[in-house]
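Student: I would like a close look at a single residue and its surroundings. Please take me through one such place and then through other parts of the model.

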Amino acid sequence: MPLLQIDRQLARDSYYAATAPQGPAFAPLQGTVQADVAIVGGGLAGLSAALELSARGFSVALLEAGEIGGGASGRNGGQALAGLACEHGEIEHQLGLETARRIWAMSLEAVDLIRQRCKDYAIDCDWQDGFLSVATSARKAAILQTWQQRMTEVYGYEQRWIPKNELPGWIASPRYQAGVHDPASGHLHPLKYCRALAHLLSDATRRPGTAPVQLFEHSPALALEQGTAAQTGIILRSSQGQLRAQYLLLAGNVYLPELAPQIAPQLAHRIMPVGTYIGCSQAIEAERLNALIPSRSAVCDTNFVLDYFRPTADRRLLYGGRVSYSTRTPPDLKASMAARMHATFPQLADVGMEYAWGGFVDISMNRAPDFGRLGTAQNIYYLQGFSGHGLALTGLAGKLVAEAMAGDASRFDCFARLRHRPFPGGTLMRMPALVLGMAYYRLKDLL
C-alpha cells in the first residue's frame with residue numbers, strides 16, 4: 001500500500017484533530033502565481049520559513065499537498081525539546097566542539113522561538129514548561145548522569161539530577177531508576193500551533209510591514225524546472241497551476257519522495273520513513289493525573305526504541321512508544337498503546353485509550369538533521385531528517401533558511417556541513433536491513 005494512503009488511514013483517530021479549532025481553508029493553486037520564494041510543505045518548517053521570510057521582505061507562496069499541519073507537524077508527541085535526535089557527540093565528532101556548542105545553543109533558541117511566537121501573537125497551543133528524561137535501568141541511569149554532568153561542564157547547560165530515592169516526587173512509576181529534569185524544554189498541542197501559524201500568515205493585518213504570503217492546500221508539487229546560471233528562477237508545477245519564484249524551499253520531508261520523486265531524487269536515499277504511534281487516554285481526574293507527574297512535564301525514557309508521554313491540558317495522558325520500520329501498522333493500536341501506558345502506570349489499569357493514531361517521520365542514517373542546497377545556482381534549499389525530534393527544530397530551521405536567503409548563511413551552514421550517508425541496501429533491501437537493525441536495538445533495550 002502506498003505510504004500516503006497508509007498515512008491518511010493513521011490520521012483518522014487523532015486526538016489533535018478532534019480537539020484543535022478548525023484552521024482556515026486554502027484553495028488549490030490555479031493559474032500562474034509569482035513570488036520571491038516558493039515553499040513545498042505546509043508543516044512547521046515551511047510555515048516557519050514563510051513567517052520569517054515575510055518579515056524580511058520576501059513574498060512567499062507555499063504549496064501543501066494535503067492540509068496545513070496534516071503530516072508529522074500536526075500529529076507528533078507534542079514534546080518541544082532542546083538538542084537533536086542524534087547524540088551530540090556526533091556533532092562534536094564531525095564539526096568540532098565550538099560548532100557543536102553553537103548548534104546546541106541554536107536548539108535552545110528553537111524552543112524559545114515557540115514561546116516567543118506564542119507571546120507575540122497570542123497563540124493558545126496549551127504550552128507547558130518542563131521535560132523529564134528517565135532511565136529504565138541502573139546502567140542507563142549511570143549513562144544519563146554522565147551525560148547530564150557533561151552538559152553542565154562542557155555546554156554550561158544546567159539540569160536537575162534526580163536520583164532514584166527522589167524520583168517518586170517527580171513521576172509515580174515503578175519503571176524508572178533515575179531522571180533528569182530540563183526546565184527549558186516543554187510540550188504543546190502541535191496541531192493548534194500549526195493552524196495558528198497558518199492563520200497568522202493568512203492575516204496580513206497581524207503582521208504589519210511584512211511581505212505577502214499565499215498558502216495553497218491540496219496542491220502537490222509535481223514537477224520542477226530550474227533556470228540556468230544566468231537566469232536563476234524556478235518554475236514549480238502543480239496539477240492546476242504553476243508557481244514562479246527566485247528561490248525554492250523543499251520542506252516536504254518524508255512525503256516528498258513519494259509525491260514528487262522527480263523533484264529532488266538525490267535526497268530520497270538519505271532518509272527513511274518510520275511509522276510512529278500514539279494513544280491518548282480517556283479523561284482522568286485532575287488530582288489523579290497530577291499525582292502521576294506533579295510537575296506536568298513531558299517525559300521520555302532513554303531507550304533506543306523509546307516511550308514518551310505527557311499530560312494534556314484537558315486532563316488526559318498522551319502516550320507514544322510504538323514504531324514500525326517496515327511501514328506496516330501494528331494491529332489494535334488502542335489496546336497496544338493502553339498496555340504500554342499500564343506498564344508504566346499500573347495505577348491507570350482502569351483507564352483506556354480514547355484515541356490512537358500515527359504517521360510517518362523521516363529519519364536520517366545518523367539521526368542528525370539534513371539541511372542543504374541544490375541546483376546550479378544553489379537557490380534550492382531543503383530541510384529533512386529531523387528524525388522524530390523536529391517539533392522545535394523545524395521552527396528554527398525555517399528561520400535559518402530565511403537568514404540564508406537574506407544573505408547570512410552562517411548558521412544554516414553549521415547544519416549543512418554535517419555529512420550524511422545513504423541507507424545501505426539500495427531501493428529493495430534498505431527497509432529489510434533497517435528492520436533487522438532495529439530488532440537488534442530492541443534486544444539491547446530489553447537486556
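Tutor: This is a predicted model. Start with a polar contact: a polar atom of the side chain of S48 lies 2.5 Å from the backbone oxygen of G395. S48 itself sits in helix 3, which covers residues 44-55. Its relative accessible area is 0%, and because buried means under 20%, S48 counts as buried. Apart from neighbours within four places in sequence, the residues in contact with S48 are R117, T394, G395, G398 and K399.

Next, helix 4. This helix runs over residues 88-95, and its buried residues are H88, I91, E92, Q94 and L95. An α-helix has 3.6 residues a turn, so residues three or four places apart point the same way. After helix 4 comes G96, which has a positive phi, near 90 degrees.

Four strands form an open sheet in the order 1-11-10-9, and their pairing is mixed. Strand 1 (31-34) and strand 9 (223-226) are the edges; each has a single partner strand, so one side of each has no neighbour in the sheet. From one strand to the next, the twist averages 20 degrees. Strand 10 (residues 234-237) and strand 11 (residues 241-245) run antiparallel and are joined by four bridges. L236 has L243 in strand 11 as its bridge partner.

Key:
Residues numbered from 1 in each chain as written. Predicted model: local features only at pLDDT ≥ 70, side-chain atom pairs only at ≥ 80, totals over all residues. Heavy atoms only, no water. Buried < 20%, exposed > 50% of the residue type's maximum accessible area, 1.4 Å probe, protein only. Helix = DSSP H or I, 4+ residues; strand = E, 2+ residues; numbered from the N terminus. Polar contact = N/O pair within 3.5 Å; in protein donor to acceptor, adjacent residues only side chain to side chain. Contact = heavy atoms within 4.5 Å. Pairing = 2+ DSSP bridges. Axes fitted to C-alpha atoms, helices over the stretch in contact; angles between N-to-C directions.
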